[in-house]
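The entries follow in the order I made them.

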Amino acid sequence: SAFTTLMAFTDPGVGDFIVEVKEGEASILPGPAQDPDLVIAQSAETFERIIRGIQPLPEAIQDGSMQVSDMGKMTAFGELFPM
């Protein structure tokens, strides 16, 4: 079964994208997604700070700079893509 995550950006002009894992293969697709399993909303700056290791992901969730639709599914996402 597939696991679909919508990476939604709060900045004007920054396009959303989909991270889909299906049959063990990961794909990056342009958004939006139909009925994603997980939605992660953030600014492009927050995304970059997390990817570069400048800001810890739990801190971004706690301070509200990243919003996650389902914490249980966020755990599954983290298992698929460990930082």
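Before reading off which residue stands opposite which, I needed a definition: two strands pair if DSSP finds at least two bridges between them. I also noted that this is a predicted model.

Entry 1, strands 2 and 3. I looked up the link between strand 2 and strand 3 (residues 25-30), which run antiparallel and are joined by 6 bridges. Within this pair, I found I18 opposite L29 in strand 3. I then checked the hairpin that these strands make, which has 2 residues between the strands. E23 takes a positive phi near 55° in this hairpin.

Entry 2, strands 1 and 2. I counted 5 bridges between strand 1 (residues 3-9) and strand 2 (residues 17-22), and these strands also run antiparallel. For F3 I looked up the bridge partner in strand 2 and found V21.

Which way do strand 1 and strand 4 run relative to each other, parallel or antiparallel? They run parallel, with 5 bridges joining strand 1 to strand 4 (residues 38-42). Here T5 has L38 of strand 4 as its bridge partner.

I put the strands in order and got 3-2-1-4-5, an open sheet of 5 strands with mixed pairing. Strand 3 and strand 5 (66-68) are the edge strands, and each pairs on one side only. From one strand to the next, the twist averages 15°.

How values were computed
Residues numbered from 1 in each chain as written. Predicted model: local features only at pLDDT ≥ 70, side-chain atom pairs only at ≥ 80, totals over all residues. Heavy atoms only, no water. Helix = DSSP H or I, 4+ residues; strand = E, 2+ residues; numbered from the N terminus. Axes fitted to C-alpha atoms, helices over the stretch in contact; angles between N-to-C directions.
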